[in-house]
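Reader: I'd enjoy a friendly walk through this model. Could we take it one question at a time?

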Amino acid sequence: NASCLDRAPQRDVVSINGAADAARGTMLLRVLVAQGVQAISWYSVIVGALSMLSLLMNGLVDSPVRSRLEQAVGLLETLFHSLAFFAGLKGLLGVMFRDSKPLRTLLLYHASELVVRSVSFLFREADACSELRRLQILHRAPQDMTCETPRIAMLLTFVVHCATLLYFVYVVWSFIVRLQSGEFGHPGIGFEDTEAFFRHGGALEALDGAQPAGQAIQPFAGPPRSLREGGEGCIVGEAFRGEPQRLE
């Protein structure tokens, strides 16, 4: 009579553990993407609120330190950034209700911000020399600085901003695609499933969205995990066949 441990191949146990680890990693990735979109939405709300406060407090004040072109470009950027407040609120609603339609507004805003920053960068690069001469005369700065220095500084700033915006666009787009494919299950309110996932140490049972709506979780159908689950064919134990010994 073979024991239950011999009846369950080791490779089946390894494959089951590997599938569980893969599913747990996929679910963790979904949670991280959702939290990333939530953080991007809050960032957009804060940027939009600060831009609107800047418009209300400063308005169209003529600054003698900046050129006319620099002031016009800065004003247009502030006006555009004030729209981030509404785009961020749309993104938060999309994350809460797991709806891809409000998230498209957030995606469109960050894609448009790439275009706006590219156009403003071209204007600032063209006006870099005149802006440098204006600052040197106003502040009596040394004249040994050339136009290449502010242009390189503006180029580095532009590259960092564009890389950040491209990352935002990719994260929001990835979340929208996952929502449309049904990876997050049925739509719901709140983010209790994310908190439960981390509270239970990454257990798959903590997430309601892991199982599609209307389908019950299937019982374990693999090889027996212990001698009790093996049934009648398993040998629980044998009687001692040797000679009993006693210490005098």
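Reader: Is Tyr109 buried or exposed?

Author: Happy to start there, with a word on the model. It is predicted, so local features need pLDDT of at least 70 and side-chain atom pairs count only at pLDDT 80 or more, while totals for chains, interfaces and linings use all residues. Residues are numbered from 1 along each chain as its sequence is written, and side-chain values use heavy atoms, leaving out hydrogens and water. Buried means under 20% relative accessible area, exposed over 50% and partly exposed in between (1.4 Å probe, protein chains only); at 8%, Tyr109 is therefore buried.

Reader: How are the planes of Phe80 and Tyr109 arranged?

Author: Rings of Phe, Tyr and Trp (its six-membered ring) pair if their centres lie within 6.5 Å; planes under 30 degrees apart count as stacked, over 60 as edge-to-face and the rest as tilted. By this rule there are five aromatic pairs. Among them, Phe80 and Tyr109 sit 5.1 Å centre to centre with 15° between the planes, and this pair is stacked.

Reader: How many residues apart in sequence are the parts that this pair ties together?

Author: Helices are DSSP runs (H or I, at least four residues), numbered from the N terminus. Phe80 lies in helix 3 (residues 68–81) and Tyr109 in helix 5 (residues 100–126), so the parts tied together are apart in sequence by 29 residues.

Reader: Which helix holds Arg178, and is Arg178 buried or exposed?

Author: Arg178 belongs to helix 7 (residues 148–180). Its relative accessibility is 17%, so Arg178 counts as buried.

Definitions and conventions
Helix = DSSP H or I, 4+ residues; strand = E, 2+ residues; numbered from the N terminus.
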